[in-house]
Amino acid sequence: MNLLSLFSKKDKSASVAKNRLQILLAHERTGSGPDAMLVSRLREDILEVIKKHIEIDPEAVKIEMDRDEEVTTLGIDIELPVKASEQA
Amino acid sequence: MTDGKVIVVTSGKGGVGKTTSTAAIASALAKDGERVCAIDFDVGLRNLDLIMGAERRVVFDLVNVVRGEASIKQALVRDKKLDSLFLLPASQTRDKDALTEEGVSSVINELKMSFDWIICDSPAGIERGATLAMRYADAAIVVSNPEVSSVRDCDRIIGLLDAKTIVAENGGRMPKHLLVTRFDTERAKTGEMLAIDDMVDILSIPLLGVVPESKDVLKASNVGSPITIANENSAPARAYMEAVRRLRGEDIPVTIPEDRKGIFGKLFRGRAA
Ligand SMILES: Nc1ncnc2c1ncn2[C@@H]1O[C@H](COP(=O)(O)OP(=O)(O)OP(=O)(O)O)[C@@H](O)[C@H]1O
Ligand SMILES: [Mg+2]
């Protein structure tokens, strides 16, 4: 956001809406299949790596995706069992 | 182990404010510290993700879960601001039979174990999507605008709630609450709009709240933040927060929104026009 837009009378929320829609529609036109596939496969692999070191509930690994204009970020959330570090 | 309460937000008629209300109510509950999961049942026309500002983070959806392609935990999208708020998005598939009764039942049963509230955003209409959204509910929020066709459709929905839900099939009574939205304070004064009392009279279900028509709702949806979070002092947010208190069992009178601008508002409007 630039300084000018702060002073413009036009409702800023409308331009936020436009930006959000552009990102969303660009993604929806390609379908959500590829993202779901990537997340599923990465999760499987990450689980395998973790299992080499500790026993873990498969549901304890979750991947979160956040798509932006230029970059998409992945967050990997791993809930370690208590005393996981001792097991290793 | 919690035993979450399942609420369906339904209306029959389209565009009356179900999705707006689902997002506002779910967020208000989560802000009070409740663990809340909002489910979008509008298969093919997913929208709750946009209103909650979660659209960039959706990977899996309700249909993936029902088909066993993802677990519930993997499909839930966590809210960015409220830790105890989650969204289970609708699928964008065109296959209207993608949801099965058994599938939905098992998803809801599992969610009940970890959430205090499960708020189901129903699609418009009286077809399969709408009946599935209400099927496992413990209570219903019936959304209506103050106009004749909306009230008529609510009456049909009330009929379905009393016939096609598990509660009803087991001989129980489905608790129903009327939420009037897009209430126009000016037209209420001139008598162009149905009066709240008359709506309650005709539908004979108790009033949960009256949400005024407001530009703040549009702004909130533009930025992807439910009105009860985006602008908690706005008139519609206050109406939703009051409705939530009543939903939680508080016995408080319903505030009917008034035109606060009074004579000054009129003067200014005269000048601007
Ligand atoms: N209190 C309000 N004031 C102003 N606009 C509102 C209000 N409530 C809802 N709206 C607007 O009405 C439109 C429809 O709202 P919404 O999508 O919540 O309805 P819906 O019942 O979920 O629709 P559908 O049947 O298509 O799912 C949206 O543009 C929304 O911003
Ligand atoms: Mg909707």
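Predicted model: local features only at pLDDT ≥ 70, side-chain atom pairs only at ≥ 80, totals over all residues.
1. Start with the ligand. Ligand 1 has 15 residues around it, and the ones that come nearest are K18(B), T19(B), T20(B), R182(B) and S214(B). Three of these have side chains worth a look for polar contacts. T20(B) puts a side-chain N or O atom 2.6 Å from an oxygen atom of ligand 1. For K18(B), a polar side-chain atom sits 2.7 Å from a ligand oxygen. With R182(B), the distance from a side-chain N or O atom to an oxygen atom of ligand 1 is 2.9 Å.

2. Next, helix α1 of chain B, which covers residues 18-31. It packs against helix α13 of chain B (residues 235-247) at an angle of about 65°, and the two axes are 9 Å apart. Angles from 65 to 115 degrees count as roughly perpendicular, so α1(B) and α13(B) are roughly perpendicular to each other. The crossing is right-handed. On the α1(B) side, the contact is made by T20(B), S21(B), A24(B), I25(B), A28(B), L29(B) and K31(B); α13(B) brings Y240(B), M241(B), V244(B) and L247(B). Sorted by class, that gives eight nonpolar residues, two polar and one charged. Note that T20(B) turns up both here and among the residues that come nearest to ligand 1.

3. Still in chain B, have a look at helix α7 (residues 148-161) and helix α10 (residues 196-203). Their axes cross at roughly 30° and come within 10 Å. Anything under 35 degrees counts as roughly parallel, so that is the label for α7(B) and α10(B). This crossing is right-handed too. V151(B), C154(B), D155(B) and I158(B) of α7(B) meet M199(B), I202(B) and L203(B) of α10(B). The contact has six nonpolar residues, no polar ones and one charged.

4. The last pair joins two chains: helix α2 of chain A (residues 12-30) packs with helix α11 of chain B (residues 215-223). The angle is about 35° and the axes are 7 Å apart. Here the crossing is left-handed. From α2(A), the contact uses S13(A), A14(A), V16(A), A17(A) and R20(A), while α11(B) supplies K219(B), S221(B), N222(B) and V223(B). What is the split by class between α2(A) and α11(B)? Four residues of this contact are nonpolar, three are polar and two are charged.

Methods. Residues numbered from 1 in each chain as written. Chains lettered and ligands numbered in written order. Heavy atoms only, no water. Axes fitted to C-alpha atoms, helices over the stretch in contact; angles between N-to-C directions. Helix = DSSP H or I, 4+ residues; strand = E, 2+ residues; numbered from the N terminus. Parallel < 35°, antiparallel > 145°, perpendicular 65-115°, else oblique. Left-handed = near helix turned anticlockwise from the far one by under 90°. Contact = heavy atoms within 4.5 Å. Nonpolar A, V, L, I, M, F, W, Y, C, P; charged D, E, K, R; others polar. Near = heavy atom within 4 Å. Polar contact = N/O pair within 3.5 Å; in protein donor to acceptor, adjacent residues only side chain to side chain.
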